[in-house]
Structures are given as structure tokens and as C-alpha cells.
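Trainee: Could you take a close look with me at one helix and the residues around it? I would like to follow how its side chains meet the rest of the chain.

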Amino acid sequence: VAEAWSHMYTAISRTLSVKNQILNQSGVLTDNVAKEYLGEADFNLANYWSFLITHFGDVPYYESQLTVDQAFESGRVSKADILLKVYAFYDNAILNLPAKRTGLQYATKGAAMAMKARIALYMGDFNIASKAAKDCMDLNVYALHPNFASLFNTSTRSSKELIFYIPRDDSKKVNEASIRGDLRNW
């Protein structure tokens with residue numbers, strides 16, 4: 001539990017740092033690339049905060065990097081208030097991310113819609129969940145795989161059913177443990 005808490009807050013702090021660098025850069029990135037990166041950052045922030053509020057309820061919340069003293073002084077914020085921020089992060093991601101990507105490991109507009117629907121469903125916001133899911137379906141990018149059993153074969157790793165996933169391959173040592181290790185070393 002402590003490790004999950006620590007990893008989420010580490011990821012949030014690092015994402016906020018990257019987001020700050022993107023916002024304060026001048027001329028290094030084109031406006032379109034900067035908006036796309038900000039969309040990815042907001043997608044990640046929404047996912048991290050979603051994890052925290054679904055696992056821990058009210059948690060300390062911040063939108064800019066904190067000093068150690070500030071971190072100790074910050075209190076918990078209600079999960080209902082954080083949920084509104086999560087929706088806003090997903091909405092920004094939806095605005096700034098492309099509908100399709102060639103790299104399957106990157107966030108897309110559909111992934112942001114699907115994840116927004118997921119957290120809304122968990123939190124009992126059924127109208128928001130329904131709208132986000134419908135918006136994702138209306139992109140016409142995703143479709144149910146025709147044979148569910150074959151979905152788990154290596155030949156279907158690029159199925160139109162997959163919205164957002166992190167690939168796993170034990171033979172290449174790409175699995176949950178290696179991904180957690182990458183996050184720790186990031």
C-alpha cells in the first residue's frame with residue numbers, strides 16, 4: 001500500500017515537472033506538439049489521481065510541485081473535489097490528443113474518453129460515464145473483436161478492440177514487474 005501511494009505521488013510530481021517545462025519552453029516545441037504533450041501529461045495526471053481516490057479516498061492534492069515543508073502541511077482533499085479535477089484533466093486530454101496513433105503505447109483521444117468513463121462509472125456518475133463511453137464509440141476507431149478467445153493470441157496484439165494498454169512479453173522481460181521498476185527509476 002505504501003509503495004503504491006509513493007509511486008503515484010512520485011509519478012504526479014514528475015508529470016507536473018514535465019508539464020511545467022512544456023508550458024515554460026519557448027520555441028523548442030511547436031504549438032501542436034506542445035498541446036499534444038500537455039494532453040498526455042493531463043491524461044497521466046487523471047489516471048494517477050483516479051488511482052489514488054479509488055484506492056484511498058480523500059488524499060492530499062496539488063497541481064504544482066511542492067517543497068517538503070509544503071507537502072507536510074497539506075491536508076487531504078475530498079475525493080469528490082479531486083474527481084472534478086480528474087474530469088477536467090481528461091477533458092483537456094480529449095481536446096489535445098489525436099484520435100489515432102501508430103504507437104500503441106501512447107494515449108489517444110479515445111483512451112482519455114474510455115478512462116473518463118471508467119472513473120465516472122466507479123464513482124457512480126452514470127451520466128458522465130455514459131456520455132464519455134458514447135463519445136469513444138462515436139470516434140469509430142474501436143470495434144469489438146469478432147472472436148473473443150482469439151483476442152488473447154499474439155497474432156491479435158493490434159486488435160481494434162484495444163483502446164489503451166501496456167504490452168506484456170515475459171520472453172522479452174516486458175511485464176508488470178519491469179514496468180514498475182521503470183517507474184521507480186524514472
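Mentor: Happy to. α2 has 26 residues, so at 1.5 Å a residue it should span 38 Å; the C-alpha atoms at its ends lie 37 Å apart, which agrees.

Before going along the helix, a word on its setting. The chain contains seven helices and two strands, and along the sequence these run α-α-β-α-β-α-α-α-α. Of its 186 residues, 34% count as buried. Among contacts with a separation of 6 or more, 59% join residues 24 or more positions apart.

How far can we trust the coordinates? The mean pLDDT of the chain is 85, with 86% of the residues at 70 or more. Confidence is highest in α4, at 97, and lowest in α7, at a mean of 45. Over residues 178-186 the pLDDT falls below 50, although this stretch has 14 contacts in the model beyond near neighbours in sequence. Where pLDDT is low, the predicted coordinates should not be read in detail.

In soluble globular proteins, nonpolar side chains tend to be buried together. Here the largest nonpolar core has 35 residues, and the members that touch the most others are I12, F43, W49 and Y90. At least two residues of this core come from each of α1, α2, α4, α5 and α6. The largest share, eight residues, is supplied by α4.

A pair of aromatic rings is described by the distance of the centres and the angle of the planes. Seven aromatic pairs are counted in this model. One of them joins F43 and Y90: the centres are 6.2 Å apart and the planes make 65 degrees, an edge-to-face arrangement. This pair links distant parts of the chain, since F43 sits in helix α2 and Y90 in helix α4, 47 residues apart. Both F43 and Y90 are buried.

W49 and Y61 are both buried. Ring pairs also gather W5, Y9, W49, F56, Y61 and Y62 into a cluster. If we leave aside neighbours within four places in sequence, W49 contacts Y9, I12, V59, P60, Y61, Y62, I82, V86 and F89.

S50 belongs to helix α2. Is S50 buried or exposed? Its relative accessible area is 8%, and buried means under 20%, so S50 is buried. Where does the side chain of S50 reach? The answer is the backbone oxygen of A46, at 2.7 Å. With neighbours within four places in sequence set aside, S50 is in contact with V86, Y90 and I119.

For comparison, take another serine, S150, which is placed in the loop between α6 and α7. The relative accessible area of S150 is 17%, so S150 also counts as buried under the 20% cut-off. The side chain of S150 reaches the backbone oxygen of N147 at 2.9 Å. Beyond four places in sequence, the contacts of S150 are H145 and T156.

Finally, let's return to α4, the helix that carries Y90. D91 is also in helix α4. With a relative accessible area of 33%, D91 is partly exposed. Its side chain makes a polar contact with the side chain of K116, at 2.5 Å. D91 and A132 lie 41 residues apart in sequence, and their C-alpha atoms are 9.8 Å apart in space.

Conventions:
Residues are numbered from 1 along each chain as its sequence is written. This is a predicted model: local features need pLDDT of at least 70, side-chain atom pairs count only at pLDDT 80 or more; totals for chains, interfaces and linings use all residues. Side-chain values use heavy atoms; hydrogens and water are left out. A nonpolar core is a set of buried Ala, Val, Leu, Ile, Met, Phe, Trp, Tyr and Cys residues joined through side-chain atoms within 4.5 Å. Buried means under 20% relative accessible area, exposed over 50%, partly exposed in between (1.4 Å probe, protein chains only). Helices (H or I, at least four residues) and strands (E, at least two) are DSSP runs, numbered from the N terminus. Contact means heavy atoms within 4.5 Å. The expected span of a helix is 1.5 Å times one less than its number of residues. A polar contact is a pair of N or O atoms within 3.5 Å; within protein, one must be able to donate a hydrogen and the other to accept it, and residues adjacent in sequence count only if both atoms are side-chain atoms. Rings of Phe, Tyr and Trp (its six-membered ring) pair if their centres lie within 6.5 Å; planes under 30 degrees apart count as stacked, over 60 as edge-to-face and the rest as tilted. pLDDT is the predictor's confidence in each residue, from 0 to 100.
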